[in-house]
Amino acid sequence: MSLQLSAFLTLLVLSLAVPIILFLLLRASLTDLLRHTLKVQAGITFYLRSFLLILFLSALSAAIGTSFYLKPDSRFMEYVWKGAEGVSSTLEKTLWFVTVYLVLITILVATLKIKDDK
Amino acid sequence: MTNERYLIASYFAGAALSAGLGTIVYLFLRRPFGGVADAASGKRLSSMLKRLLPWGLLFPALLGFVSVSYQGCGRTTYEEIVQNRSYLVEKNQEQISSVLRYILVAVVFWDVIVLLILKYSQNGRNQSQLRQADD
């Protein structure tokens, strides 16, 4: 296997691991929060699925967009640096979209739950 | 396989992949979205929203695909574009990345729509409760 392909596959595996870990960590508490906020069961499923999609799409879009085409005589560490650049881009994009999702969920809770509590 | 053949095959495969990804995301969100639309809004609005959802995911996917241009980085003519295989692969990666990004933005947009539907339905419920209390 060429160095380019192994570097790309490593980045792909890492970028799949990040959303899986994040989803497993947050799923239970997010479900709980949504159950206390929404009366419609389908709404809970919709927001959970969209969270999963947001995590995977943001991570994969950054990872796939990273190009490993370097000069033919490139050294091992140059591929590592390129991989690190890809991981950085993946984490940054995931962070931004999770932030957007959290803002959305905060608005959801603020607008729907407060009235129910009254 | 020549670079030109690779370009043709990868372009149409990429277009099919983007449509496929849009469809998969639609199928993944269809049922819960339908449930929210049915439970929380009027019949006409619910039907309209359910019909809009597939297009609201498929169009962004295709838009993401076509938004990537092969011309650039000093390559303006067709011959210059097909000269280098690694450039073509790079562009394919860029296309898939762009498709995923556009679908992502579309999912966030539909999240906002669901939020508005839920808010609208809650307002409707509160108003009907107030009317019942007045009666």
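Glu94(B) is partly exposed, with a relative accessible area of 36%. Partly exposed lies between buried, under 20% relative accessible area, and exposed, over 50% (1.4 Å probe, protein chains only). Lys91(B) is buried at 8%. The two residues form a salt bridge, with the closest N and O atoms 3.3 Å apart. A salt bridge here is a side-chain nitrogen of Lys or Arg within 4 Å of a carboxyl oxygen of Asp or Glu. Both residues lie in helix H4 (residues 85-134) of chain B, three residues apart, about one turn of the helix. Helices (H or I, at least four residues) are DSSP runs, numbered from the N terminus.

## Basis of the model

This is a predicted model: local features need pLDDT of at least 70, side-chain atom pairs count only at pLDDT 80 or more, and totals for chains, interfaces and linings use all residues. Residues are numbered from 1 along each chain as its sequence is written, chains are lettered from A and ligands numbered from 1 in the order in which they are written, and side-chain values use heavy atoms, with hydrogens and water left out.

## The other salt bridges

Over all chains, the whole structure holds three salt bridges. In chain B, Asp38(B) pairs with Lys50(B), the closest N and O atoms being 2.9 Å apart. Asp38(B) lies in helix H1 (residues 3-40) of chain B and Lys50(B) in helix H2 of chain B, so the pair ties together parts 12 residues apart in sequence. Asp38(B) is partly exposed at 47%. Lys50(B) is partly exposed at 33%.

In chain A, the side chains of Glu85(A) and Lys82(A) meet in a salt bridge (3.6 Å, N to O). They are three residues apart in helix H3 of chain A, so about one helical turn separates them. Glu85(A) is partly exposed at 47%, and Lys82(A) is partly exposed at 21%.

## A nonpolar patch on chain A

Leu3(A), Phe76(A), Met77(A), Val80(A) and Trp81(A) make a nonpolar surface patch of about 520 Å². Patches are made of residues with over 30% relative accessible area and no salt bridge: like charges are joined within 9 Å, nonpolar side chains (Val, Leu, Ile, Met, Phe, Trp, Tyr) within 5 Å. Areas come from the Shrake-Rupley method with a 1.4 Å probe; for residues, only the protein chains shown count as cover. Helix H3 (residues 76-117) of chain A gives the most to this patch, with four residues. Phe76(A) is found in that helix and is exposed, with a relative accessible area of 56%.

## The largest pocket

The largest pocket has a volume of about 190 Å³. A pocket is an open set of points on a 1 Å grid over the protein atoms alone, where a 1.4 Å probe fits, with protein on both sides within 12 Å along at least five of seven lines; lining residues have an atom within 4 Å of a point. Grid points are joined across faces, edges and corners, and the volume is the space filled by probe spheres set on the points.

Helices H1 (3-37) and H3 of chain A each supply at least two residues of the lining. Among the lining residues are Leu3(A), Thr10(A), Phe76(A), Tyr79(A), Val80(A) and Val87(A). The lining divides into nine nonpolar, three polar and no charged residues.

## Val66(B)

Val66(B) is found in helix H2 (residues 43-66) of chain B. At 52% relative accessibility, Val66(B) is exposed. Its C-alpha atom is separated by 9.8 Å from that of Gly14(B), 52 residues apart along the chain.

How values were computed: Nonpolar A, V, L, I, M, F, W, Y, C, P; charged D, E, K, R; others polar.
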